[in-house]
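Subject: Structure for you to look at

Hello,

Here is the structure we talked about. Please open it and keep it in view while you read the notes below.

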Amino acid sequence: MKPAQFEYDDPQTLDEALELLARHGDDCKVLAGGQSLVPLMNFRLARPGRLIDINGVASLSHITSESGRLVIGAMTRHVELERSTEVARQSPLLTEAIGWVGHSQIRSRGTIGGSVAHADPAAELPAALAALDATFHMRSKQGARVLGWKQFFVSEFTTALAPDELVTAVQVPDQDPSTGTAFVEYARRHGDFALGGAAVTIKLGRDGRCENATIALLSAGPAPVRAEAAEKQLRGARIDESSIHAASVEAVKGLHPTTDLHGSTEYRVGLLQTMTERALTKAAERARSMTG
Ligand SMILES: Cc1cc2nc3c(=O)[nH]c(=O)nc-3n(C[C@H](O)[C@H](O)[C@H](O)COP(=O)(O)OP(=O)(O)OC[C@H]3O[C@@H](n4cnc5c(N)ncnc54)[C@H](O)[C@@H]3O)c2cc1C
């Protein structure tokens with residue numbers, strides 16, 4: 001199918017884009033990589049009256065490091081994240097997660113800003129960014145604001161973005177050298193959206209006990225889910241098979257992922273527990289190898 005008719009603008013600066021959004025906010029959509037929006041338009045599930053194509057706004061495409069934080073511009077393509085040595089060094093969880101996003105054709109066009117603004121609960125980047133306690137930088141003509149992942153992701157395909165606002169960048173704290181991370185998911189075929197997955201970080205102390213842990217699950221609810229009770233259970237604990245198993249059981253307590261043709265709620269809960277257990281095991285091994 002072809003999309004319904006729309007007007008088209010291609011601003012070349014952020015100010016121009018914000019001006020257009022202020023003028024047409026309610027009736028327009030931002031076009032980034034187009035990997036989610038264009039299929040929705042072709043199926044006529046989205047019918048924006050106007051597209052504001054931000055591919056010409058060069059200032060939104062960058063990967064920089066600022067005072068202990070990785071700053072990734074919204075128009076940074078998945079493939080640029082995947083290949084960045086800076087991202088691999090400072091935030092290997094992102095490098096691992098991005099490899100699971102669709103296929104290389106999708107990753108060559110899709111952007112980090114598009115992924116987080118689209119807020120698909122099965123998407124890899126929102127969960128990885130939740131595990132990393134990332135912050136989301138937004139701008140409108142009225143000014144700038146910054147939200148944590150918890151405030152930014154509201155529900156499925158819904159964020160805190162106002163119609164006249166753009167995501168301009170995502171900031172990720174640099175990884176401490178004694179932290180191990182892992183991203184694990186299960187999809188029927190590589191490149192499909194995950195039926196369940198886990199993004200985790202584990203920081204080990206000198207005594208080998210866990211100083212901090214974060215566990216974020218995808219395809220577990222309407223938005224990325226942080227398993228806070230399980231994280232708390234791990235803090236101060238010796239990380240071994242039994243504490244990892246107990247935390248994985250805790251992580252899925254109270255979850256009710258929806259039943260669909262790919263799997264029942266019970267199946268998905270079991271899958272999420274297994275994904276959590278595998279991710280924690282991998283992250284702990286990596287943390288140990290870094291702390292010697
Ligand atoms: C076959 C296929 C398989 C895929 N598999 C996966 C997968 O396994 N995992 C996964 O995570 N994704 C997958 N995707 C989606 C892909 O990752 C998209 O690239 C991503 O979801 C959206 O990024 P985009 O830059 O293409 O955004 P677009 O499609 O251009 O936009 C998506 C939405 O975000 C809004 N938006 C975009 N940028 C901004 C911004 N800076 N500020 C405010 N709003 C903005 C748009 O208005 C639109 O509503 C797949 C897509 C396809 C076609």
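Predicted model: local features only at pLDDT ≥ 70, side-chain atom pairs only at ≥ 80, totals over all residues.

Look at domain 2 and domain 3. In the contact, domain 2 takes part with 25 residues and domain 3 with 24 residues.

How much area is buried between domain 2 and domain 3? The value is about 2000 Å². Carbon and sulfur atoms give 60% of that area.

**The domain 2 side**

Which elements build the side of domain 2 that touches domain 3? Four of them supply at least two residues each: helix H5 (92-98), helix H8 (124-131), helix H9 (149-152) and strand E8 (153-155). H8 gives the most, with 6 residues. By type, the residues of this side of domain 2 are 15 nonpolar, 4 polar and 6 charged.

Stay with H8 for a moment. Is it buried or exposed? In H8, 8 of the 8 residues are buried, so the helix is largely enclosed by the rest of the structure. Among them are Glu-124, Leu-125, Pro-126 and Leu-129. Find Asp-133 too: this residue follows H8, and its phi is positive, near 55°.

**Salt bridges**

Side chains of opposite charge can pair when their charged atoms come close. How many salt bridges does the whole structure hold? The search finds 15. Here are some to find on screen.

Begin with Arg-50 and Asp-9. Their side chains meet in a salt bridge at 2.5 Å, N to O. Arg-50 sits in strand E3 (residues 50-53) and Asp-9 in strand E1 (residues 7-9), so this pair ties together parts that are 41 residues apart in sequence. Arg-50 has 17% relative accessibility and counts as buried. Asp-9 also counts as buried, at 17%.

Next comes Glu-96. Its side chain meets that of Arg-286 in a salt bridge (2.8 Å, N to O). Glu-96 forms a salt bridge with Lys-282 as well, with the closest N and O atoms 3.8 Å apart. Lys-282 lies in helix H12 (residues 265-291) and Glu-96 in helix H5, so the pair ties together parts that are 186 residues apart in sequence. Lys-282 is partly exposed, with a relative accessible area of 33%.

Now go back to Asp-133. What does its side chain meet? The partner is Arg-226, in a salt bridge of 3.0 Å, N to O. This pair links distant parts of the chain, 93 residues apart. Arg-226 is in strand E14 (residues 225-226), while Asp-133 is in the loop between H8 and strand E6 (135-140). Arg-226 counts as buried, at 15% relative accessibility. Asp-133 is partly exposed, at 39%. Both residues belong to a network of salt bridges that also links Glu-231 and Arg-235.

Best wishes

Key:
Residues numbered from 1 in each chain as written. Heavy atoms only, no water. Contact = heavy atoms within 4.5 Å. Buried area = accessible area lost by both parts, 1.4 Å probe. Salt bridge = Lys/Arg side-chain N within 4 Å of Asp/Glu carboxyl O. Helix = DSSP H or I, 4+ residues; strand = E, 2+ residues; numbered from the N terminus. Nonpolar A, V, L, I, M, F, W, Y, C, P; charged D, E, K, R; others polar. Buried < 20%, exposed > 50% of the residue type's maximum accessible area, 1.4 Å probe, protein only.
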